Structure formats: C-alpha cells, structure tokens
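Q: Hi, I'm new to this one. Could you walk me through what sits around the ligand, and then the pocket?

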Amino acid sequence: MDSYDLIIVGGGIGGSALATVAARAGRSVLVLERSEVFEDQVRGEWIAPWGVTEVRRLGLLDLLIGAGGRYLTRHVTYDEARDPAVAEAAALPLNIFAPDVPGPLCLGHPHHCQTLFDEAGRAGATMLRGVVVESLAVGAAPGVIFSVEGRRREARARLLIGADGRNSVVRDACGITLDADRPHHMFGGLLVEGVEGWDEDKQAIGTEGDFAFLVFPQGDGRIRVYGSYSLRDRGRFSGPDGARRFLDSFRARCSPANAHIADGRPAGPLRSYANNDTWTDTPYAAGAVLIGDAAGWNDPIIGLGLSITYRDVRLISNLLAGSEDWSEGLFAPYAEERRERMRRLRFVAKITSTLDAEFGDEARERRRAYFERSMGDPTLGLHAFAVLGGPESAPPETFTPAHRARVLGTESDA
Ligand SMILES: Cc1cc2nc3c(=O)[nH]c(=O)nc-3n(C[C@H](O)[C@H](O)[C@H](O)COP(=O)(O)OP(=O)(O)OC[C@H]3O[C@@H](n4cnc5c(N)ncnc54)[C@H](O)[C@@H]3O)c2cc1C
C-alpha cells in the first residue's frame with residue numbers, strides 16, 4: 001500500500017493548487033481526480049482582485065498569466081432605470097481594490113484546472129485521472145480505496161483533503177452536513193465566441209425586464225456570460241434552442257453593446273443552477289479537511305468561489321507548513337476565519353440577489369432609488385466593495401441588517 005503526506009480527492013482548482021504548493025514544499029502528495037478530461041461545466045472564470053492577491057501569495061500568479069489569464073480594467077453597471085451613457089460615465093476602474101492588481105483575472109475554467117493539474121505533477125505530486133473512489137477512511141488512519149485503469153488500489157496518508165466540489169464524498173465520509181439557505185433565483189452560464197464589437201477590457205452587469213446579465217470577456221472574441229432569471233421560470237432555457245434563446249435575452253436597451261453578444265455563437269454548454277449559499281462551521285474532522293466548494297459555496301451571483309478556494313488553499317498550506325502535528329486542532333483557525341468570511345459573503349450575495357435578480361415594478365424602483373441615493377452616499381456601495389476587495393475590506397457594520405435596510409430602502413421595516 002502506498003503512503004503519502006496528503007491524499008487530495010478532486011484535482012480541480014482547489015485540489016491541484018494545494019497539491020502544487022504542498023509538493024513544492026516537499027510533501028508527498030497523491031491527487032485523485034474523477035474526470036479523464038476537464039470539460040466546461042459552467043463554473044467560475046473570473047477571479048476577483050482579492051483572489052488575485054491570494055493566487056500571488058501562493059506563487060501561482062505567473063503560471064495563470066502564462067496560461068492566458070487576462071485582466072479586466074473597467075466595470076459598468078447597466079440598468080433599465082438608467083441611461084446607457086450615464087452608466088458608462090460612472091464606469092468603475094478595477095485597479096483600486098487590491099495593491100498591484102490591475103483588476104479581476106479571467107481564465108477559462110477547464111484550462112485553468114488543467115494548468116494547475118499539470119503544474120502539480122511538475123512539482124512532484126502523483127496525479128491520477130479517471131479515478132473512482134470506492135471507500136474512504138478518516139480518523140486516526142486516513143486512507144482511500146479507489147480504482148483506476150481497471151485496477152483496485154489502496155493508499156494511506158497523514159491527512160485527506162476533500163477538494164471534490166459541491167457533492168463531496170470526503171464531506172460525507174466525515175459526516176459533515178452543510179447548512180444551506182433557500183435558492184433565490186436561477187443562474188445560467190454560457191461561453192460565447194465570435195463576439196465582435198464588445199470592449200474586451202470591460203466587464204458589465206445589468207438588469208432589464210425579467211433578466212439580469214453578467215459579462216466577462218476572455219479576449220479574442222470569447223466572452224463568458226451569465227444570466228439570472230426567476231425561479232418560477234426554471235425551464236425557460238431548456239430544449240435544443242435554449243442557448244440561442246439565452247443569448248437573445250441579452251439584447252437590452254440599457255446596454256446597446258449587448259447586441260454583439262447576442263450575435264455571437266455558443267462555444268460550450270448552457271448550464272443553469274438554482275443559486276444559493278451553503279456553509280459549515282467545521283470544515284474538518286479527524287484526519288480530513290475540506291476546501292473550496294466541498295466546504296460550502298457562496299452564491300455564484302457575486303462570482304467569488306475561486307477567490308474563496310484560493311484563500312482556503314493558502315490558509316491550509318500555511319497551517320500544514322507550520323506544524324508537524326496535523327491533528328484536528330490545527331485547523332480550528334481555518335474554520336474560524338472561513339466562518340466569518342462566508343457569513344460576510346453570504347450577506348453580500350443576498351443583498352446583490354435582491355437588488356439585481358428580482359424583477360418587476362417594485363424591484364425596478366428599488367434599484368432606481370439605490371442608484372440615486374448611492375450618488376450622494378458612497379458608503380451604500382460598501383458591500384460591493386467587499387466583492388472586489390475582499391470580505392475584510394469593508395467595515396463590520398457593512399454586514400448588518402442596518403446596512404441591508406439602507407441599501408434596499410427598507411429602514412422603516414428594520
Ligand atoms: C454558474 C456558476 C458560475 C460561477 N462563476 C464564478 C466566477 O465567475 N468566479 C468565481 O470565483 N467562482 C465562480 N463560481 C464558483 C467556482 O467555479 C467554484 O467555487 C470553484 O470552481 C470551486 O473549486 P473547487 O476546486 O472547490 O471545485 P471544482 O472546481 O468543482 O473541482 C472539483 C473537482 O473534484 C473532482 N471530483 C468531484 N467528485 C470527485 C470524486 N468523487 N472523486 C474524484 N474527483 C472528484 C471534479 O471532477 C473536479 O475536478 C461559479 C459557479 C457556478 C456554478
């Protein structure tokens with residue numbers, strides 16, 4: 001039976017990033033990845049400025065830039081309650097949120113995973129693909145029984161890492177259940193190619209009618225777009241021409257350049273999710289630690305899962321480097337930091353969902369009033385600052401019912 005310092009289940013973003021850092025630090029690492037090839041599952045391709053700082057602290061930024069990562073430099077919020085010229089005049093520069101970071105970094109998810117997976121192998125980790133995990137042992141003698149290439153194998157480690165995404169089997173083996181709030185809206189995503197005429201340094205969001213759009217260019221006419229719509233319209237984009245209808249939904253008077261996106265071609269699958277937050281106060285057990293989505297995910301409407309995962313990787317790799325005693329207590333500071341981080345980001349996601357992904361007269365008026373009031377009071381936008389600058393970049397009072405009530409104009413109800 002083979003023996004390692006770490007066995008990491010899941011070789012996506014979190015698993016391969018941690019494997020790289022740990023292997024570079026001299027640890028023996030085995031990564032078990034289920035897929036044979038990383039495919040477009042419609043996951044995150046936008047790393048917030050604070051997430052870029054995390055990537056840099058891990059020593060992985062040059063790798064991602066070398067793999068084609070591109071910075072975006074301007075953000076525009078369009079809305080049916082706003083003239084497009086007014087929205088564009090209020091464009092936000094994106095280089096102000098983290099020191100020496102030009103803006104958010106965009107990189108296609110499958111390519112991002114493969115880049116990290118290869119780097120972990122180069123750093124000395126043993127990387128296996130097409131793996132079926134059959135059973136997991138946590139506790140005093142962590143180990144995995146798995147099959148790969150038709151052979152059944154068994155490996156032991158000092159510690160198991162669950163980096164196996166939303167439906168984590170490591171989480172199940174630890175007996176950890178996630179808390180979850182109720183889904184708020186549907187969220188679909190699609191990669192579009194052949195887009196001509198969109199300013200490729202500009203990201204945009206906006207709401208018009210019964211659809212809210214998010215646009216993140218990747219260069220060379222490729223753009224990752226997402227759209228929010230009502231839970232009641234769950235099946236709105238199903239069927240063979242769903243991707244085409246999804247793209248047509250981007251045509252919006254409030255953002256005339258969206259027509260270029262609608263004229264583009266789908267370059268991957270359209271996937272839709274019922275967006276919510278999940279979390280646990282204790283993302284570890286004896287012999288195992290969870291990172292990334294396995295430890296609970298933030299509502300993708302604010303696009304922070306990659307940044308959260310990179311922060312997890314940094315915290316865990318630092319703890320492992322700083323001690324040879326890898327028993328449960330070592331991970332308490334990680335749990336404590338993650339609990340408050342996820343609480344704050346959950347809070348921001350809820351405000352954002354209410355503002356951007358609710359539709360109809362009342363919602364339109366709420367956004368109009370918010371834009372108007374925030375012109376005179378920039379502190380109203382502090383929750384959005386936390387998305388770009390990180391959950392600790394806004395003062396604690398940002399994450400309170402009083403701030404929410406100020407943003408949504410419901411002070412009298414608070
Ligand atoms: C629609 C949508 C849009 C998003 N947009 C953004 C965004 O713009 N920015 C952002 O930061 N985040 C975004 N996210 C979130 C982000 O994609 C995730 O938080 C991030 O990918 C989590 O990384 P991870 O490594 O934990 O999990 P994953 O990326 O899901 O990787 C998990 C890996 O584990 C493997 N695996 C799973 N089960 C097993 C098993 N049993 N055995 C072996 N291997 C297994 C999988 O094959 C996969 O490779 C979005 C998410 C969604 C759903």
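This is a predicted model: local features need pLDDT of at least 70, side-chain atom pairs count only at pLDDT 80 or more; totals for chains, interfaces and linings use all residues.

Q: Got it. So how do the residues of the shell around the ligand divide into nonpolar, polar and charged?

A: There are 15 nonpolar, eleven polar and seven charged residues in that shell.

Q: And which residues are closest to the ligand?

A: Of the 33 residues that surround the ligand, the closest are Glu 33, Gly 44, Trp 46, Asp 293 and Leu 306.

Q: What does the side chain of Asp 293 do there, in terms of distance?

A: One of its N or O atoms is 2.6 Å from an oxygen atom of the ligand. A polar side-chain atom of His 109 also lies 3.3 Å from a ligand oxygen. With Gly 303, the backbone takes part: an N or O atom there is 3.0 Å from a nitrogen atom of the ligand.

Q: How much of the ligand's accessible area does the protein cover?

A: The protein covers 93% of the 1,000 Å² that the ligand has on its own.

Q: Which elements give two or more residues to that shell?

A: Those are α1 (13–24) and α9 (305–322). The most comes from α9, with four residues.

Q: What about domains?

A: Domain 1 (2–64 + 107–181 + 278–342) and domain 2 (70–106 + 185–274) each supply at least three residues to the shell around the ligand.

Q: New topic: how much space lies in the second largest pocket?

A: About 220 Å³. It is lined by 17 residues, and Gly 108, His 111, Leu 191, Gln 218 and Arg 222 are the closest to its centre.

Q: Which element gives the most to that lining?

A: That's α5, with three residues. Both α5 (109–123) and β16 (222–229) give two or more.

Q: And where does the second largest pocket lie relative to the domains?

A: Domain 1 and domain 2 both give residues to its lining, so the pocket lies between them.

Q: What classes are in the lining?

A: Six nonpolar, six polar and five charged residues.

Conventions. Residues are numbered from 1 along each chain as its sequence is written. Side-chain values use heavy atoms; hydrogens and water are left out. A residue is near a molecule or strand if one of its heavy atoms lies within 4 Å of it. A polar contact is a pair of N or O atoms within 3.5 Å; within protein, one must be able to donate a hydrogen and the other to accept it, and residues adjacent in sequence count only if both atoms are side-chain atoms. Accessible areas come from the Shrake-Rupley method with a 1.4 Å probe; for residues, only the protein chains shown count as cover. Ala, Val, Leu, Ile, Met, Phe, Trp, Tyr, Cys and Pro count as nonpolar, Asp, Glu, Lys and Arg as charged, and the others, Gly among them, as polar. Domain bounds come from an automatic or database domain assignment. On a 1 Å grid over the protein atoms alone, a cavity is a set of points where a 1.4 Å probe fits but cannot get out, and a pocket is an open set with protein on both sides within 12 Å along at least five of seven lines; lining residues have an atom within 4 Å of a point. Grid points are joined across faces, edges and corners, and a volume is the space filled by probe spheres set on the points.
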